[in-house]
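Thanks for asking me to look this one over.

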Amino acid sequence: MKNYASAIVGIVSVLVYGCGSGNDSKQSNSGNQSAQDSVQSSQCYIAIDGPDTAYLNLDSRANGKITGKLLIDFSEKPNNDGTFEGEFKGDTLYANYVFTTGENKTLYKNPLAFLKDGSKLLLGVGEIESYLGKAYFKKGTVIDFDRGRFKFDTLDCKDQKLK
């Protein structure tokens with residue numbers, strides 16, 4: 001009986017010690033991930049197309065990813081308001097935009113493409129497909145940056161509508 005109790009205490013000790021040391025490595029990994037995920041620079045943009053205005057905030061991360069917010073303030077229909085994450089491939093930012101429309105709290109997801117043209121960003125228009133609930137630009141088709149409605153100019157972030 002004594003051996004049985006000793007074995008249980010030994011097993012519990014190993015489990016407690018093992019779980020505790022796993023947390024230390026998770027904490028150090030999350031510290032590394034946090035450093036890689038830190039914002040290196042931020043830039044704000046605005047685009048006006050007739051009565052509609054779009055506000056864009058870009059955060060460049062240490063890991064090369066780009067995150068941000070996009071609000072499209074439509075004059076005659078509900079606004080699109082959401083966040084995105086992506087990365088530059090050459091002079092084009094490809095991102096996945098997750099947003100709501102108006103009072104509807106349903107989340108929508110669409111791909112975005114912005115062409116960097118000097119200090120401007122041009123929002124592209126392309127054919128979108130979806131597979132297993134994920135939307136993406138159709139392979140083999142061109143994203144047209146000339147047809148896009150919104151051409152973003154830089155804006156001082158303190159004057160930006162997004163916070």
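Predicted model: local features only at pLDDT ≥ 70, side-chain atom pairs only at ≥ 80, totals over all residues.

**Notes for a first look**

1. Where does threonine 53 lie? You will find threonine 53 in strand S2, which covers residues 52-61. Setting aside neighbours within four places in sequence, threonine 53 has contacts with Ile46, Ala47, Ile48, Leu71, Ile72, Asp73 and Phe150.

2. Now step back to the overall sheet. Strand S2 belongs to a closed barrel of 8 strands with antiparallel pairing, in the order S1-S2-S3-S4-S5-S6-S7-S10. On average, neighbouring strands of this sheet are turned by 30° against each other, direction ignored.

3. Strand S5 (residues 92-101) pairs with strand S6 (residues 104-117) in the antiparallel sense, over 9 bridges. Asparagine 96 has proline 111 in S6 as its bridge partner.

4. Next, the interior. In soluble globular proteins, nonpolar side chains tend to be buried together. Here the largest nonpolar core has 20 residues, and Leu56, Leu58, Leu70, Phe84, Phe114 and Phe152 have the most contacts inside it. Two or more residues each come from strands S1 (39-49), S2, S3 (66-73), S5, S6 and S7 (120-123). Which strand gives the largest share of this core? That is S5, with 4 residues.

Methods: Residues numbered from 1 in each chain as written. Heavy atoms only, no water. Contact = heavy atoms within 4.5 Å. Pairing = 2+ DSSP bridges. Axes fitted to C-alpha atoms, helices over the stretch in contact; angles between N-to-C directions. Core = buried A, V, L, I, M, F, W, Y, C linked by side-chain atoms within 4.5 Å. Buried < 20%, exposed > 50% of the residue type's maximum accessible area, 1.4 Å probe, protein only.
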